[in-house]
Amino acid sequence: MITAHTLRVPGATLHHELRGTGPVLLLLPGAGGDAAALDPLADALAGTFTVLTHDPRGYSRSTLDGPHTEQQVPVHADDARRLLDAVSPGEPAYVAGASSGAIVTLALLARHGERVRAAVAHEPPSWSVLPDAAEQLAFFQEVYETFEARGPEAAGERFLRGIGPVLLPRPATDGPPSPRAVRAMARMAANAPLALRHEHRSFAAYEPDLDALAKAGPRLTLAAGTRTRPHLPYRPAALIADRLGLGLAAFPGAHNGWSTHPAETADLLRTHLLGDTR
């Protein structure tokens, strides 16, 4: 059973959802995703964790007090901390994020490490750490300018040409999508232009605090998809792991592997978060 809740935070009201039993695990989606973005993965983890998901501020049902402005990683990390304070008061929680959610995971661990028991960050698109950061950030600016001049379809095409073929189709399901899935797809389609306009560039430029992350030691796992390796989104995860003296965990699929391989991803998250070798 999924229960829905709201939380007032500075500048916004956050919609969040809970399912399952056990210690709290906060799952953080990629850009434009919301509480339903990782439903199959959350369902697969609900037998082990109380899974906490949410609509990041300004997306879907998490409303802003004012107009949309450029999203900032530290603000999203503080939102995550406030969610943990509300749902898991006084108890450190587990955290796992993919793509932009992985950047927020790193920021949460660096800024509020006492709230995190263990964390997995899957392919954070932190281009700022790369030797060719200026080139990659210019690419994101080009995607934004393409969006403003020619619309989301042209911007999406330019984006995929830049990052490589790392968004794999989801497996076919039996029967039509559920009403919840239909509503979620409509919300995330509406979120996509907001992410292009207000999130992609600022998140890509965010510089993770590697000194603070080094203090987390083995509580942090950097991960990348086996199908992403030749392509751009693999590089920041590999570089951050190397700088922190950590191994890089191999997860199935590509950049969106948490959606295309939810059962295998759930098993690996249990392994890396809990040391579960079942």
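Trainee: How many cavities of 30 Å³ or more are there?
Mentor: This is a predicted model, in which local features need pLDDT of at least 70 and side-chain atom pairs count only at pLDDT 80 or more, while totals for chains, interfaces and linings use all residues. Residues are numbered from 1 along each chain as its sequence is written, and side-chain values use heavy atoms, with hydrogens and water left out. A cavity is a set of points, on a 1 Å grid over the protein atoms alone, where a 1.4 Å probe fits but cannot get out. By this rule, the count of cavities of 30 Å³ or more is 2.

Trainee: What is the volume of the largest cavity?
Mentor: Grid points are joined across faces, edges and corners, and a volume is the space filled by probe spheres set on the points. For the largest cavity that volume is about 110 Å³.

Trainee: Which residues that line the largest cavity are the closest to its centre?
Mentor: Lining residues have an atom within 4 Å of a point. The largest cavity has 14 of them, and the closest to its centre are Pro29, Pro56, His76, Gly101 and Val104.

Trainee: Which helix gives the largest share of the lining of the largest cavity?
Mentor: Helices are DSSP runs (H or I, at least four residues) and strands are too (E, at least two), numbered from the N terminus. The largest share of this lining is 3 residues, and it comes from residues 100–111, helix H3.

Trainee: How do H2 and H3 pack, and at what angle?
Mentor: Axes are lines fitted to C-alpha atoms, for helices over the stretch in contact, and angles run from 0 to 180 degrees between N-to-C directions. The axes of H2 (residues 73–87) and H3 are 8 Å apart, at an angle of about 70°. Angles of 65 to 115 degrees count as roughly perpendicular, so H2 is, relative to H3, roughly perpendicular.

Trainee: Is His54 buried or exposed?
Mentor: His54 is in strand E4, residues 50–54. Buried means under 20% relative accessible area and exposed over 50%, with partly exposed in between (1.4 Å probe, protein chains only). His54 has 5% relative accessibility, so it counts as buried.

Trainee: Which residues is Thr260 in contact with, leaving aside its neighbours within four places in sequence?
Mentor: Thr260 lies in helix H10, residues 257–260, and at 6% relative accessibility it counts as buried. Contact means heavy atoms within 4.5 Å. With those neighbours left aside, the residues in contact with Thr260 are Leu168, Pro169, Arg170 and Pro171.

How values were computed
On a 1 Å grid over the protein atoms alone, a cavity is a set of points where a 1.4 Å probe fits but cannot get out, and a pocket is an open set with protein on both sides within 12 Å along at least five of seven lines; lining residues have an atom within 4 Å of a point. Angles under 35 degrees count as roughly parallel, over 145 as roughly antiparallel, 65 to 115 as roughly perpendicular and the rest as oblique.
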